[in-house]
Every structure is written in structure tokens, then in C-alpha cells.
Amino acid sequence: MSLQHHDARQAHLAELSRFRGEFYSCLTARSDALFELADAVLCGNGPVRSLAELSLVGEHRRGHGGLYAALAEGRVDTDRMRQALTSVPLPRSVDGRLVLAVDVTCWLRPDAHTSPQRILCHTYGRGKDQHIPVPGWPYSIICALEPGRSSWTAPLDARRLAPGDDTATVTARQLRDLVERLITAGQWQTGDPDILIIADAGYDAPRLAFLLKDLPVQVLSRMRSDRVLRRPAPPREPHTKGRPPRHGGEFVFGQPGTWGTPDTETVTDTRLYGTALARSWDRLHPKLTHRSSWAAADGTLPIVEGTVIRLDIDHLPSGATPKPVWLWWSGTDATAADTDRLWQAYLRRFDIEHTFRLFKQTLGWTCPKIRTPEAADRWTWLILAAYTQLRLARPLAADRRRPWERPVPADRLTPARVRRDFRHIRPKAACPAQAPKYVRPGPGRPPGRKNSRPTPRHDVHTIHKTGTTTSQKKKSTTPRPRRTG
């Protein structure tokens with residue numbers, strides 16, 4: 001090992017140790033139990049199936065009772081935790097730009113009838129061409145994306161949506177707080193490229209762009225193929241009476257006759273999709289009305305202009321028939337280079353889906369049957385902290401592959417393979433959690449002495465009336481009349 005490589009490993013190990021110490025400082029109650037619970041998630045063999053099994057992992061030195069008590073009664077300083085996640089090194093695109101992906105993933109709880117604040121979540125893939133709403137806790141998660149062929153992301157924030165929340169408003173507030181933290185942490189400075197925010201078709205991209213217009217961000221989102229946008233208003237002719245029009249002609253996604261000549265057109269040969277044809281049209285905006293999220297707006301609604309990009313490909317790796325992808329970018333005057341950069345950046349948005357699948361299938365985010373949403377929030381922050389430790393330990397991990405798996409270079413390790421080696425990296429990193437105290441069982445009740453305290457009884461099926469209790473009710477001695485006929 002060269003001296004330069006040794007110094008690089010020491011720098012990565014120091015960064016991992018620093019984050020582990022900061023993560024421990026964010027745990028304000030039951031800190032040792034919560035910290036060891038996160039280590040058990042990282043050092044367990046195989047996917048996490050239940051919380052009780054995590055108490056058997058060697059890194060968790062407490063019993064399963066302390067594990068459940070930590071999730072039920074522990075405390076996490078979420079504000080400090082968010083600052084810790086934004087202070088670690090973040091991935092950037094080729095031009096040095098921060099690319100953030102936002103999406104909502106659901107923790108389904110259909111059988112938890114006593115759990116509060118559940119919302120009907122739209123699920124996909126639970127039936128043939130069916131979208132079945134299932135009760136659960138939806139979480140809005142923001143991740144920083146990496147360039148190139150990689151499934152790694154950097155989770156930066158998670159927020160649970162409460163009943164009655166407007167998704168666009170909550171997401172805009174969440175993004176605003178995150179961008180301000182990034183600027184405070186020095187991740188974005190004056191003169192850097194604007195932060196690119198990528199969302200799927202479920203978000204109202206023009207509204208997000210309008211709510212974040214005072215920040216150094218750009219919004220890129222997919223639009224449904226049945227949308228209708230408007231062109232800029234034509235110049236007003238002299239001596240024309242009446243109010244000038246605010247909108248121009250229609251741009252219907254499903255009618256090619258309304259498109260006109262595109263402002264840019266590029267053709268790119270790709271490895272997975274064949275030839276990719278990208279065309280863009282500048283300065284298109286939706287015609288807003290006082291409905292939905294704009295119902296509470298006063299006065300004249302704004303005109304939010306952007307660039308529309310249509311992407312057509314030859315084939316899909318799965319063999320399915322490809323459909324065109326419509327994108328809306330909050331910027332204007334896009335060049336051919338901008339068009340290629342934007343649709344390629346949007347394809348990287350699907351990396352966040354790999355992160356969600358790792359959360360649920362490997363780290364066991366949705367496995368615990370937690371009753372309260374507060375405990376679910378604590379468990380969510382532990383999963384985000386565990387994944388961040390995997391990302392920081394990525395340059396330190398060795399490829400501990402299965403006998404049937406192919407070898408992978410050190411810079412191409414997946415999060416699951418890095419997790420296999422984290423048990424060997426953990427002793428070198430800081431571990432601020434203290435060992436559990438040695439306790440002896442109590443002397444018990446003295447011999448010959450009985451317990452004089454009455455045992456309380458709680459019958460959930462008994463309905464108590466005002467002013468009376470079950471013990472005060474007397475049985476009636478009058479026989480009931482026998483039913484005849």
C-alpha cells in the first residue's frame with residue numbers, strides 16, 4: 001500500500017468516525033441503545049427481518065427489551081441530524097452541480113388500526129394494472145444523486161406527511177430548508193451552478209419552481225403525456241382595443257400538429273436504449289386556475305415559463321414498447337448541450353428507487369410493527385444514518401463476495417456488498433456508545449410475606465357508564481321471561 005493511498009484511507013476513516021460521533025450526539029435519550037441498534041443493522045448477516053433478531057447481533061450488547069424501549073422512549077435531535085447529513089461530502093455531477101432527487105415512499109401499515117396519522121397511500125404492482133390505496137405513513141425523502149452508472153445516493157432529509165398536508169407545499173418547504181442548510185454548510189457558494197432538483201410526474205413542477213424562485217435552484221420534472229401548455233402571448237398590435245391576452249397558442253402533448261419547429265434537437269447513441277432523440281421547445285407554461293394547490297392564491301395567478309423536452313428512444317432493456325418521456329425544466333433558452341444534460345440527469349433519478357428498495361428489503365425499514373408515528377420517525381432516522389455510514393465506508397470496504405458472485409472492483413461495490421464488510425471496518429472507527437452496566441437481580445420479596453397490593457384489571461371490552469363501575473353492578477335476581485314461539 002502506497003503512502004498516498006494510506007493517507008486517503010485515513011482521511012476516509014476519520015470522516016466516518018466524525019460522522020459516527022456526530023450521530024451519537026444527535027441521540028438525546030437512550031443514546032447507547034439507539035446507536036448500537038444502528039450498528040446491528042449495519043453488521044447483521046443478511047437482510048433485517050425483525051427487531052428481535054437485531055438484539056442477537058454481537059454489536060448490540062443489550063437485550064431485546066432495551067431495544068424496544070429505545071425506539072419507544074428514545075429521542076433524536078432531528079435538526080442536528082439534518083445538519084450532520086448535509087455536512088458530509090456529497091456527490092456532484094460532472095460540472096460540479098448538486099443534483100437532488102425528491103420522491104415519496106410509503107411505509108404501509110394496513111393492519112395497524114390503532115396507529116394514528118395513517119394516510120391512504122397509492123401502491124403500484126399489487127394487482128394487474130391496478131393502483132390500490134393502502135393505509136400507511138408516506139415519507140418525503142430527498143437524496144443527492146451521483147453521476148455515471150451507480151446506484152449510490154446520499155440521503156439528506158426525510159419528512160413524514162401528515163393527514164391534510166399538501167404535497168407540493170410540504171415538499172417546497174422541505175427543499176427550502178435543505179437548500180439553506182447546504183448553503184450554511186458550504187456545499188453551495190456564490191458562483192456555483194444552480195442546484196438541480198429532479199422530481200417525477202406526481203409533483204406540480206411549475207408550482208415548485210414558483211415557490212423556490214428566490215433560491216439558486218432549477219426544477220426538472222416529468223409531465224404526463226396528456227398535458228396542455230401555452231405559448232407566450234403574441235405581441236400586441238397597435239391600436240388594438242380590449243385587454244391584452246396573457247396566453248398564446250396551445251401546445252398539446254398528444255397532438256404533434258401543435259408543436260411546431262423545436263428550438264433544439266439532438267441525437268445520442270446510448271448503450272441501453274439505442275438512439276435517443278431529444279427535442280426541446282422554449283418558453284412554455286401551464287394555464288393556471290384557482291383550483292387545487294392554487295385555490296388559496298389571491299389576485300392574478302403567475303405565469304411560470306419553462307422548457308419542454310421530449311425524449312424518444314429505440315428500445316428498452318426489458319423488451320417493452322418504449323413510450324416518449326416529457327420533461328419540464330424551469331429554465332429557459334436551453335441549448336443543445338443543456339437538453340442532453342437534462343434528460344441524462346433525469347435518468348439518474350431512478351437511483352433513488354434503488355435506495356428505497358435497499359431501505360425496505362435489506363436494512364429492514366418497514367419490517368418493524370411500530371405502533372406510533374413518533375417511533376417510526378426515530379427508526380427512519382436510524383436507517384438514514386446507517387446508510388450514510390455505508391456510503392462513507394465505501395472507499396474502505398473490501399469485496400467479500402459469495403462464491404457464486406462475480407468479483408467487482410473496489411470503486412463499483414454496491415451498498416449491500418459494503419455492508420458485508422462493515423463489521424471489519426467498525427472496530428477502526430469511533431464507537432462512542434458505552435457498554436451496558438452490569439446489574440444483579442433484586443433480592444425479591446422476603447419469604448413468608450404476601451403481596452397486599454390489588455391487581456388492577458383492564459378489560460377493553462367492558463363499557464363503563466358515568467358514575468358506575470363494573471364491580472358496583474349487581475346481578476338481577478328476577479328471572480328472564482322464557483321466549484316462546
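This is a predicted model: local features need pLDDT of at least 70, side-chain atom pairs count only at pLDDT 80 or more; totals for chains, interfaces and linings use all residues.
Figure 1. Is arginine 18 buried, exposed or partly exposed? Its relative accessible area is 36%, so arginine 18 is partly exposed. The structure holds 33 salt bridges, and the next views show others.

**Figure 2. A salt bridge between aspartate 39 and arginine 20.** Here the two side chains meet at 3.1 Å, N to O. Which parts does this pair tie together? Aspartate 39 belongs to helix α2 (residues 31-43), while arginine 20 belongs to helix α1. The pair therefore ties together parts that are 19 residues apart in sequence. Aspartate 39 and arginine 20 are both buried.

**Figure 3. A salt bridge between aspartate 226 and arginine 224.** The closest N and O atoms of this pair are 3.2 Å apart. Aspartate 226 has a relative accessible area of 53%, so it counts as exposed. The cut-off for exposed is over 50%. Arginine 224 is at 47% relative accessibility, so it counts as partly exposed.

**Figure 4. A network of salt bridges.** Which residues are linked here? The members are Asp103, Asp200, Arg222, Arg349 and Glu353.

**Figure 5. Aspartate 32 and its surroundings.** Aspartate 32 is part of helix α2. Is it buried or exposed? Aspartate 32 has a relative accessible area of 16% and is therefore buried, since buried means under 20%. Its side chain makes a polar contact with the side chain of tyrosine 24, at 2.5 Å. Leaving out residues up to four places away in sequence, aspartate 32 touches Tyr24, Arg62, Ala433 and Gln434.

**Figure 6. The largest nonpolar core.** This core has 116 residues. Which of them touch the most other members? They are Phe19, Phe23, Leu54, Phe251 and Trp379. Helix α10 (residues 373-392) gives the most to the core, with 12 residues. In soluble globular proteins, nonpolar side chains tend to be buried together.

**Figure 7. The contacts of phenylalanine 251.** Neighbours within four places in sequence are set aside here. Phenylalanine 251 is then in contact with Arg227, Val228, Leu229, Arg231 and Thr258, among others. Its contacts also include Trp259, Trp281, Leu284, Val308 and Trp326. Phenylalanine 251 is also one of the core residues that touch the most other members.

**Figure 8. The buried residues of helix α9.** Helix α9 covers residues 351-361. Its buried residues are Asp351, Ile352, Thr355, Phe356, Leu358 and Phe359. What covers them? The cover includes strands β3 (99-108), β5 (133-145) and β6 (153-160). It also includes helices α10 and α11 (415-425).

Figure 9. Of its 485 residues, 44% count as buried. The accessible surface comes to about 27,400 Å². Carbon and sulfur atoms account for 51% of that surface. How do contacts span the sequence? Among contacts between residues at least 6 apart in sequence, 67% join residues at least 24 apart.

Key
Residues are numbered from 1 along each chain as its sequence is written. Side-chain values use heavy atoms; hydrogens and water are left out. A salt bridge is a side-chain nitrogen of Lys or Arg within 4 Å of a carboxyl oxygen of Asp or Glu. Buried means under 20% relative accessible area, exposed over 50%, partly exposed in between (1.4 Å probe, protein chains only). Helices (H or I, at least four residues) and strands (E, at least two) are DSSP runs, numbered from the N terminus. Contact means heavy atoms within 4.5 Å. Accessible areas come from the Shrake-Rupley method with a 1.4 Å probe; for residues, only the protein chains shown count as cover. A polar contact is a pair of N or O atoms within 3.5 Å; within protein, one must be able to donate a hydrogen and the other to accept it, and residues adjacent in sequence count only if both atoms are side-chain atoms. A nonpolar core is a set of buried Ala, Val, Leu, Ile, Met, Phe, Trp, Tyr and Cys residues joined through side-chain atoms within 4.5 Å.
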